[in-house]
Amino acid sequence: MFQDVKQENTLTIGTATTRVGLDGAWIGAIHGKSYFFFSAEPGNHRVCAAWQSSLKRISKLGSAADLSAEGDKVYYLRVSVDERSNHRPDVKMEHIDPAEAQLLMASSSLSTSQPKK
């Protein structure tokens with residue numbers, strides 16, 4: 001799961017953090033231009049992403065995609081977050097091909113998280 005963030009070319013303080021869920025349970029978060037990975041059992045799944053924000057109108061922004069997972073296969077998804085002031089804020093999730101995923105990994109940070117206790 002990758003995140004791309006579209007921001008202003010001027011100085012920006014902070015960047016988007018997006019929560020990611022699988023079948024109704026949060027499984028991680030990505031911040032800025034980063035990625036993380038997760039495992040899913042074979043079968044049909046729903047993956048969702050929601051922008052975390054203290055601003056109510058932005059915290060409702062999200063996107064979802066279906067994932068039909070087969071054993072021993074790798075799938076790549078990208079969440080694009082647009083937080084430019086001259087555009088309507090938006091979150092969009094899409095499947096991407098392995099070649100593009102390799103390029104994104106080379107230019108993104110690995111995001112890690114711990115389950116809340």
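This report describes the fold, the sheet and the nonpolar cores of one predicted protein model.

Residues are numbered from 1 along each chain as its sequence is written, and side-chain values use heavy atoms, with hydrogens and water left out. As the model is predicted, local features need pLDDT of at least 70 and side-chain atom pairs count only at pLDDT 80 or more, while totals for chains, interfaces and linings use all residues.

**Confidence and overall make-up**

The average pLDDT (the predictor's confidence in each residue, from 0 to 100) is 85 for the protein, and 87% of the residues score at least 70. Helix 1 has the lowest confidence and strand 6 the highest. Where pLDDT is low, the predicted coordinates should not be read in detail.

| Element | Mean pLDDT |
|---|---|
| Helix 1 (residues 56–59) | 70 |
| Strand 6 | 94 |

The protein has two helices and nine strands; helices (H or I, at least four residues) and strands (E, at least two) are DSSP runs, numbered from the N terminus. Along the sequence the pattern is β-β-β-β-β-α-β-β-β-α-β. Of the 117 residues, 35% are buried, meaning under 20% relative accessible area with a 1.4 Å probe, protein chains only. Among contacts (heavy atoms within 4.5 Å) with a separation of 6 or more, 58% join residues 24 or more positions apart.

Four strands form an open sheet in the order 3-2-5-6, with antiparallel pairing. Strand 3 (25–31) and strand 6 are at the edges with a single partner strand each, so one side of each has no neighbour in the sheet. From one strand to the next, the twist averages 25°; angles run from 0 to 180 degrees between N-to-C directions, and axes are lines fitted to C-alpha atoms. Strand 2 pairs with strand 3 in the antiparallel sense over six bridges, where pairing requires at least two bridges found by DSSP. Thr18 stands opposite Ile30 in strand 3.

**The cores**

A nonpolar core is a set of buried Ala, Val, Leu, Ile, Met, Phe, Trp, Tyr and Cys residues joined through side-chain atoms within 4.5 Å. The largest one has 17 residues, and Met1, Val47, Val79 and Met93 touch the most other members. At least two residues of this core come from each of strand 2 (17–22), strand 5 (43–52), strand 6 (62–69), strand 7 (76–82) and strand 8 (90–96). Leaving aside neighbours within four places in sequence, the contacts of Val47 include Met1, Val20, Leu22, Phe38, Leu67, Leu77 and Met93. Another core, of six residues, lies apart from the largest one and includes Tyr35, Tyr76, Ile96 and Leu104.

Key:
Buried < 20%, exposed > 50% of the residue type's maximum accessible area, 1.4 Å probe, protein only.
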